[in-house]
Amino acid sequence: MERFDFLKKLSEKVKEDLVISPLGYTSREWFGIKDRKENFYFLGSMGMPISFALGVAMSTEKNVIAIEGDGSCLMNLGGLSTIGSLLPPNLKILIIDNESYGSTGGQPSATSKNTNLEKVAESCGIFDTKEILNDSNLENEINELFLPGTKFRVLKLSSSNSDIPRIDLSANEIKQRFERQVN
């Protein structure tokens with residue numbers, strides 16, 4: 001399955017939830033599919049969406065969905081330890097694992113060799129984890145995300161990037177419209 005197709009399926013279920021997406025193509029695709037004030041797009045900080053989502057989850061009762069790439073997640077594994085110690089019931093983490101740094105040139109990430117992010121999350125104390133390898137039961141998997149409890153899902157998806165325009169909002173515009181939605 002392509003990342004774009006997964007994001008389209010996810011967008012059908014997202015209502016008032018706050019969605020935080022990483023820099024690069026994932027944010028661009030999410031912007032193109034479902035731009036709204038409840039989205040926070042990272043434009044230039046690799047490795048920070050999960051930690052940012054944790055802070056947001058601790059300040060609201062709304063579900064907070066962090067969409068993250070494998071390479072970016074690997075840059076901030078310490079964030080998973082903090083999440084495992086706090087376990088906010090409204091935090092949902094989706095790792096799109098294409099085994100590469102897809103937005104920076106396609107270099108292989110450690111998940112292409114010896115690193116299993118689901119096991120890393122479990123060892124950090126996040127116990128509701130799954131690795132999703134195919135899309136045969138994807139609708140049920142997406143529905144589970146919206147149940148109470150900290151969730152961590154690793155989706156093994158292809159490494160293609162859609163031909164989609166850049167986000168036409170400034171970082172300040174993204175911040176201002178998002179912060180009004182957190183309460």
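**Core, rings and charges in a predicted model**

Helix α1 (residues 3–13) has five names on its buried list: Arg3, Phe6, Leu7, Leu10 and Ser11. Buried here means under 20% relative accessible area, exposed means over 50%, and partly exposed is what falls in between (1.4 Å probe, protein chains only). Helices (H or I, at least four residues) and strands (E, at least two) are DSSP runs, numbered from the N terminus.

Residues are numbered from 1 along each chain as its sequence is written, and side-chain values use heavy atoms, with hydrogens and water left out.

Next comes the core. A nonpolar core is a set of buried Ala, Val, Leu, Ile, Met, Phe, Trp, Tyr and Cys residues joined through side-chain atoms within 4.5 Å. The largest one has 47 residues, and Phe6, Leu10, Ile67 and Phe152 touch the most other members. Leaving aside residues up to four places away in sequence, leucine 10 is in touch with Trp30, Ile67, Leu94, Ile142, Leu145 and Phe146.

Now for the rings. There are 6 aromatic pairs in the structure. Rings of Phe, Tyr and Trp (its six-membered ring) pair if their centres lie within 6.5 Å; planes under 30 degrees apart count as stacked, over 60 as edge-to-face and the rest as tilted. Phenylalanine 31 and tyrosine 41 have ring centres 5.5 Å apart and planes at 80°, so their pair is edge-to-face. Because phenylalanine 31 is in helix α2 (residues 25–34) and tyrosine 41 in strand β2 (residues 39–41), the pair ties together parts that are 10 residues apart in sequence. Both phenylalanine 31 and tyrosine 41 are buried.

Phenylalanine 42 and phenylalanine 52 also make an edge-to-face pair, because their ring centres are 5.5 Å apart and their planes are at 85°. Phenylalanine 42 has 9% relative accessibility, so it counts as buried, whereas phenylalanine 52, at 29%, counts as partly exposed. One aromatic cluster is made up of Phe40, Phe42, Phe52 and Phe178.

Finally, the charges. Side chains of opposite charge can pair when their charged atoms come close. A salt bridge is a side-chain nitrogen of Lys or Arg within 4 Å of a carboxyl oxygen of Asp or Glu, and the count comes to 11. In one of them, glutamate 38 meets arginine 36 at 3.2 Å, N to O. Glutamate 38 counts as buried at 17% relative accessibility, and arginine 36 does too at 11%.

Glutamate 144 meets lysine 130 at 3.0 Å, N to O. Since glutamate 144 lies in helix α7 (residues 138–145) and lysine 130 in strand β7 (residues 129–132), this pair ties together parts 14 residues apart in sequence. Glutamate 144 also has a salt bridge with arginine 153 (3.2 Å, N to O). Arginine 153 counts as buried at 1% relative accessibility. Through shared partners, salt bridges join Asp128, Lys130, Glu141, Glu144, Lys151 and Arg153 into one network.

Technical notes
Predicted model: local features only at pLDDT ≥ 70, side-chain atom pairs only at ≥ 80, totals over all residues. Contact = heavy atoms within 4.5 Å.
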